[in-house]
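Thank you for making time this morning. Before I say anything, please take a moment to look at what comes up on the screen.

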Amino acid sequence: MTEKNNAHISTQLIHHGYTPPADFQAPQPGIFKASTVFFPNVAAMRQRDWKDKSAYTYGTHGTPSSFTLEERLCALEGGKHCVLTPSGLTALAVTSFAVLKTGDHILLPDNSYGPNKVLADGELAAFGISHTFYDAMNPQDLASKIKSNTQLVWLEAPGSVSMEFPDLIGLMKVCQAHRVLTALDNTWGAGLAFKPFDLLGDGSLSVDFTAHALTKYPSGGGDVLMGSVMTCNHALALKLKMTMSRLGICVGPNDIESILRSLPTISLRYAAQDQSARQLAQWWKGQKACVQVLHPAIDGSPGHAHWQALCAPQGGAGHAAGLFSVMLHPSLTQAQVDAFCDSLSLFKLGYSWGGPISLVVPYNIASMRSNWPSHLQQGHLVRFSTGFEDPQDLIHDLGKTVKQCLNFQAS
Ligand SMILES: *Cc1c(COP(=O)(O)O)cnc(C)c1O
């Protein structure tokens, strides 16, 4: 069921065309486990095509459970075909593997999710696929780096960790003019902040692929790893499925069950963490120890106008993930910043986001970028992901710990 109706995503994810077994109606769909599935006879065995979702052939090629989750994710992100992968990073890898071959070139934003750059430097380079990093905040830079053998452009909005929001529409228009495939890491937007398959709202501009770390918002529990790749193009979907099949990549039904259980609440959780993160980001604006707040929905953050155009096109509050960074004063020492992160009590030290517990990570941006981005102040970057704690309690924790660890005389 991917037919579009006018209901909101939150409604579509609950009132979804799943057919329960006869006389068994319950809030959650059944979970189906199989490596082997039976065929009624040899003729059926020979006839069934695993690429056709109307038929089951073997566990790696899909079960009623994986198909149900794939369809619901299509409703969430607005795609037509979806595959599930065992992590968000596998979703990125499978996308690249599906469309690239030796001799091809790809472009990655310099501020992209770090492991996607590491993959390009590792396996892709070893397979004879070259890459160049582009400045996501400068569509001209992207245009100047597209070569005759450029097969794929990766996109991400906002940038990883430094949270600057690119002119995604401008970047996409460059790719469209050069007829090059586009893949968006849609983990931050999650299908809720903007529509990657209809960026302008008139059907004229669409990415070719979205890759999504379901580990973050669709799970929401900090306890499941999964990813998805989605497209509206049947031929590209077939390429994805062939790559998945050749590599034997699939996900387990228990993990699918966890995501299906969390998905009906995704828009509520996303909105709650968004509100909370904005309160915290605003609080940081008033702190002497902080020289820059990096949250695309906060006025003055790099790319704020691009965020507004894409995620709040009608004005109003718009949508954003519950994630932001702050640049702490350069005259603080790294030891002070580390002590601050260590001393927070409600924020735990840990990677990822979208889970119930607030998280903090100090990052060394200089080591993650080709050059220090001109829109970033000098200083120590710390990233926060807001959980579901009361924001007043989180602000109290921050305030107490700033006093204790980041008390200094600003020069
Ligand atoms: C977390 C994340 C991934 C990778 O997801 P995993 O499930 O941790 O492999 C990819 N892209 C972005 C933007 C992420 O935040």
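I will count a residue as near a molecule if one of its heavy atoms lies within 4 Å of it. On that basis, the ligand is surrounded by S87, G88, L89, Y113, E156, D185, T187, A213, T215, K216, L225 and W353. Please keep in mind that this is a predicted model, in which local features need pLDDT of at least 70 and side-chain atom pairs count only at pLDDT 80 or more, while totals for chains, interfaces and linings use all residues. Residues are numbered from 1 along each chain as its sequence is written, and side-chain values use heavy atoms, with hydrogens and water left out.

Sorted by class, the shell around the ligand contains five nonpolar, four polar and three charged residues, where Ala, Val, Leu, Ile, Met, Phe, Trp, Tyr, Cys and Pro count as nonpolar, Asp, Glu, Lys and Arg as charged, and the others, Gly among them, as polar.

Turning to polar contacts, meaning pairs of N or O atoms within 3.5 Å, a polar side-chain atom of D185 lies 2.6 Å from a nitrogen atom of the ligand. G88 instead places a backbone N or O atom 2.7 Å from a ligand oxygen atom, and a polar side-chain atom of W353 lies 3.5 Å from an oxygen atom of the ligand.

Finally, the structure holds seven salt bridges, each being a side-chain nitrogen of Lys or Arg within 4 Å of a carboxyl oxygen of Asp or Glu. Among them, K145 pairs with D141, their closest N and O atoms being 3.1 Å apart, and D110 meets K117 at 3.2 Å, N to O.

Note on methods: Polar contact = N/O pair within 3.5 Å; in protein donor to acceptor, adjacent residues only side chain to side chain.
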